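Subject: Handing over a structure, with notes

Dear colleague,

I am passing this structure on to you, together with some notes on what was found in it. Please look at the sequence and the model first, and then read on.

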Amino acid sequence: MAEMRGLLLPESVADVVNPDGGGPFVLVCEHASNHVPAEFDNLGLDEAALRAHIAWDPGALAVASDLAARLDAPLVVQRVSRLLYDCNRPPESPGAVPETSEVFTIPGNRGLTADALGDRARRFYRPFRDLLAATIDRKEQTGTKPVIVTVHSFTPIYFGVRRDVEIGILHDHDHTFADLMLAAARRDADTVTRRNEPYGPNDGVTHTLREHALPRGLANVMIEIRNDLITSKADQQAMAARLAGWLSLAQAELPAGKRKERVT
Ligand SMILES: [Zn+2]
């Protein structure tokens with residue numbers, strides 16, 4: 001919290017980068033930040049845990065920002081750690097305010113009352129959800145049916161097991177755009193790219209797509225990038241260039257009718 005003349009001003013918990021971007025995409029980065037406001041006392045975690053993948057998606061914001069520039073797209077980002085509230089989960093999900101994440105327990109999230117959980121959703125989820133909805137509204141008002149693209153990164157080693165997938169193309173029950181992305185990826189022999197890996201809709205990771213894309217009948221995809229591939233600026237830029245190519249190819253091949261069809 002920033003203090004000014006005794007008044008506590010709320011920090012920004014969500015932002016839109018490049019709000020006037022005219023391209024046919026709306027980008028989303030729900031796990032952009034590992035910031036925990038001071039009042040939460042790091043949720044009882046040490047610095048190493050807060051730097052780890054459980055607190056955020058390392059590298060995802062850099063790739064998403066680069067994509068926003070390449071595609072001239074608005075990008076909606078969360079500005080606080082997903083450990084406070086995971087904006088890719090609905091308030092009723094136990095994963096929204098996780099008590100454990102992989103091998104870590106989150107002391108500051110244990111035994112919270114319904115009121116405390118409601119407060120987290122009110123402060124950290126609703127502003128993000130509302131900003132994303134307003135950003136999509138603005139796009140639709142200009143006559144564009146945007147493709148909704150969420151950008152994530154995942155840890156190369158999970159519960160001690162090494163993951164060989166490099167890029168995951170994830171979808172819920174509308175797989176039209178994901179199919180086109182996978183077709184574009186197949187022409188790019190350099191990467192291990194797979195459908196619904198290392199997570200899929202059964203892991204509850206498609207909340208943003210279900211909340212914002214499916215009810216509006218908008219084409220959509222979730223991209224998961226293995227985070228060891230996007231640690232340097234050069235690697236982040238190369239990944240963004242690659243993904244921008246796939247996204248543009250897929251968007252160009254999207255049937256015009258599909259963009260207006262309602263998928264519910
Ligand atoms: Zn993520």
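To begin with a term, rings of Phe, Tyr and Trp (for Trp, its six-membered ring) are taken as a pair if their centres lie within 6.5 Å, and such a pair counts as stacked when the planes are under 30 degrees apart, as edge-to-face when they are over 60 and as tilted for the rest. By that definition the structure holds five aromatic pairs, and ring pairs link Tyr158, Phe159 and Tyr199 into a cluster.

Please keep in mind that this is a predicted model, in which local features need pLDDT of at least 70 and side-chain atom pairs count only at pLDDT 80 or more, while totals for chains, interfaces and linings use all residues. Residues are numbered from 1 along each chain as its sequence is written, and side-chain values use heavy atoms, with hydrogens and water left out.

Helices (H or I, at least four residues) and strands (E, at least two) are DSSP runs, numbered from the N terminus. His31 is buried, with a relative accessible area of 4%, and His152 also counts as buried, at 1% relative accessibility; buried here means under 20% relative accessible area, exposed over 50% and partly exposed in between, with a 1.4 Å probe and protein chains only.

Seven strands form an open sheet in the order 3-5-4-8-13-11-12, with mixed pairing, and two strands are said to pair if DSSP finds at least two bridges between them. The edge strands are strand 3 and strand 12 (193–195), each of which pairs on one side only. Neighbouring strands of this sheet are turned by 20° against each other on average, direction ignored; the axes behind such angles are lines fitted to C-alpha atoms, for helices over the stretch in contact, and angles run from 0 to 180 degrees between N-to-C directions.

Strand 4 is largely enclosed by the rest of the structure, because five of its five residues are buried. Phe25, Leu27 and Cys29 lie on one side of strand 4 and Val26 and Val28 on the other. Strand 4 runs parallel to strand 8, to which four bridges join it, and Phe25 has Val147 as its bridge partner there. With strand 5 (residues 75–78), strand 4 pairs in the parallel sense over three bridges, and the partner of Leu27 is Leu75. Strand 5 also pairs with strand 3 (residues 14–17), in the antiparallel sense over four bridges, and here Asp15 has Val77 as its bridge partner.

The helices

Helix 2 (residues 60–71) has twelve residues, which at 1.5 Å a residue should span 16 Å, and its end C-alpha atoms are 16 Å apart, which agrees; the expected span is 1.5 Å times one less than the number of residues. Helix 2 lies across strand 4, strand 5, strand 8 and strand 13, running at about 170° to strand 4. Asp72, which follows helix 2, has a positive phi, near 50°.

Phe177 is found in helix 4 and is buried, with a relative accessible area of 1%. Leaving aside neighbours within four places in sequence, Phe177 is in contact (heavy atoms within 4.5 Å) with residues including Phe25, Val147, Val221 and Leu247.

With best wishes
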